[in-house]
Amino acid sequence: MKMKTTFTPTFFFIIIIFSNFLKFEQILANPNHSTPSDFSKAIIICPKKSDKVSMKAITVFIEEVEKRTGIKLKIKNQWPDAKMPVIAIGEKSLMAHFIGPFADSLRKYEEIGPEGFYLVSKNNPRPAILVVGNDARGVLYGIGRLLRKLELRPNQIILPVKLEIATTPRYPIRGHQLGYRPKTNTYDAWTIQQYDQYIRELALFGANSIEIMPPRTDDDPTSSHLKVPPMKMMIEHSRIIDSYGLDVWIWYPNMGTNYTHPDSIRQELNEREEIFRQLTRIYAVFVPGGDPGDLHPDVLFTWLEKMAVVLQKYHPQAKIWISPQAFRPTKDWLDVFYSHVNKEYPWFGGVVFGPWVKTPLPEIRKIVNASIPIRRYPDITHSLSCQYPVPHWDLAFAMTLGRECTNPRPEDEKTIHNAFDEFANGSLSYSEGINDDVNKFIWSDQDWDPETPVIETLRDYCRLFMGPDYTESLAPGIMAQEQNWRGPLLTNSQVEITFQQWQNLEKTAPNKILSNYRFQMCLIRAYYDAYIQRRLIYETEIQRQVMAVLSQASESGALTAISQARAILIRSRENTPAPALRKRCFDLADSLYKNIGAQLTVKKHGAQSGRGNYLDNIDLPLNDALWFLSQFEVIHKLESEKERLAAIQQIIERINPGPGGFYDNFGDPRSWERVQQPVEWAKDPGSLLSPRVSFGVGLRGEEWIHEVRATGFEGRATPLAWMHQVNTLYDEPLVITYKNLDPSAAYRLKVAYTGRFRSKMKLIANQNYLIHDLIQTGVQPIYEFDIPAEVIKNGILKLSWTCGEGERGAQVAEIWLIKK
């Protein structure tokens, strides 16, 4: 069933107020109803005139129950005799007379709206479950909620608690992007049947939209994993999505080289017509303004008007949605973009807020006309260098787990969702594979009802997908994995607790759960996190030993000291701790590849580098070993002992700012006490108004780096401290304040400008003293500047970095404030 294209803010305001007063979703567990009800011998009854989407929902219910229990429920169009248990399913308009003695019982609940449903269980006059949808989609979502609450075991269908649910989704857009292309870490290996099952599962948790991709994107045209050609799969995607009554969205970037020349335009239109005419259903096409496909808004909107003619030739109701995504947006670019948006062209569907959109979502809601809907496009798949990175992620995890690891972040995702949900009409997430599986279901439930506790979603997730007998162990286990990422890894005791909990589950769970890919994804993270922590503890001690040896160089001799230090480092690579944990990670990676095509290594599993291949990073050094070894080579070539000892002393005292000085490494949370944070993370998780931690040293001539490595500039080994920075986006100021300075002293500022942005930055002290004007960073790591005593006469030094217009943001890794 199609939904209206636009929903005004007034509509949503009324809905939200309504929900506050009338309890938008009502789930009442009767404390007197503690006896589970057995529906193993139930019959499904439904009205004869049920439409195809409702019947598809019933088929889904029968098939999913049979998979888990072996019981194939029968369907009838009339009530059975005696007191046989029944599950009555249908649309409200057809069920009023059909459910007979139970009809009056539904009147006590609040009215349900579009896509809403009643889910009610009764014991008298017979055991019964009523699934009554406001419309066909409501039937599907009611079926989904019932499957989530049932306990399904071999030969057994148990309803553990009484159900009294009357619910309507808060937001009309709820879905996820599934891209069949080589860049993804899993999707390109899936069959048509696997996509069908996954789309079904997303629908069971309330998704009403799936976004697919054309064969040509910012990616390779094919890969060894593809089971069918991309165009065939796109056609199948549209068919499958339509079969469930869901909306088909297409993410369609502009990948052509020219959108003004008639010949180029004709070629682009021909490509789109070939696609649009073959798809069963298209509800909307989302065209990013950039990332990829940067076009000036005047060119973009003129081109899309031509594209709309072709789209609506085959899908008359379809609209085009557009995002102001741009890596380096100027004020002119954004002003022109929003001026076009507010013209509300007939083919225009709405605005999309996604990664690399400079304007905060609340501001977009103010800028664009009230009648224009906004859709969120949240990046739920990446953990760093992304829209919503893990806050203050430990460098050891950033290096090894990387951008696209298995990343259940239930509490973070709820916070991100609820920070801005009232400013949009819902969301369709950005996903690059199965690694963000948990996050998808969290977002769907939050788009349905932002008040839903994430533990309830996780319980449903575990009960339905892994079985009812381990629900209360698995759901908290997933929550615990998010806690592994809180704070410094070196001292995080939660990592070992989480590991032991998942090991206990591994020892007791049956083979059916052990072979379940969702269980395996969580299990590999438990092993991986524990292994990385043990390595970090071990290698931190190794670094201490190296420094101790170097500190004796004046007695042992420089060459002897570096020889001994090198030997310690080499031995440490040959004797890593917990090899059994490492091996288990690779065994699980093989199982996941066999199970769902998850590509966790490049060589064995055919992953793309930086795209989910985090097993390739498992042995990366977690200390300064690479930098030490590179420095030892330089020292060995020095001619005199005096020079060699001086170079060793520089290593030992690399971070020493001297008496009365200050040193900060902004990958360390303790240094963040000096960083001005105008808005707390929970209110600005995308860091459009406040700083974040960023990763990567930065290579000269390369702007996009997918993996965090201890190499930078010309490819030399670098200290780990250069691998993470405090970072603001675009032209947002980065402010760092030092207090308690000597008001009579001059200082020397030594600063490390590292990071992948390589922006042009300007630095001002105490609001009016120019330390340096715009300089191009990324050329060299270290800069030094004098700060006269008169600048610090009150004992405070407030440093403020800003970028030129169109830059991606300021980044600072280290600061030494050296008293002269």
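Two strands pair if DSSP finds at least two bridges between them; strands (E, at least two residues) and helices (H or I, at least four) are DSSP runs numbered from the N terminus. The model shown is predicted: local features need pLDDT of at least 70, side-chain atom pairs count only at pLDDT 80 or more, and totals for chains, interfaces and linings use all residues. Residues are numbered from 1 along each chain as its sequence is written, and side-chain values use heavy atoms, with hydrogens and water left out.

**View A. Strands 25 and 31 run antiparallel.** Strand 25 (residues 747-752) is joined to strand 31 (residues 814-819) by 6 bridges. Val751 stands opposite Ile815 of strand 31.

**View B. Four strands form an open sheet in the order 19-31-25-28.** The pairing is antiparallel. Strand 19 (662-665) and strand 28 (782-787) are the edge strands, each pairing on one side only.

**View C. The largest pocket is lined by 37 residues.** A pocket is an open set of points on a 1 Å grid over the protein atoms alone, where a 1.4 Å probe fits, with protein on both sides within 12 Å along at least five of seven lines; lining residues have an atom within 4 Å of a point. Gln543, Asp624, Asn665, Asp668 and Leu720 lie nearest the centre of the largest pocket. Helix 18 (517-550) is among the elements that each supply at least two lining residues, and its 5 residues are the largest share.

**View D. The second largest pocket is lined by 29 residues.** Closest to the centre of this pocket are Arg68, Leu464, Phe465, Lys512 and Asn516. Helix 5 contributes the largest share of the lining, 5 residues.
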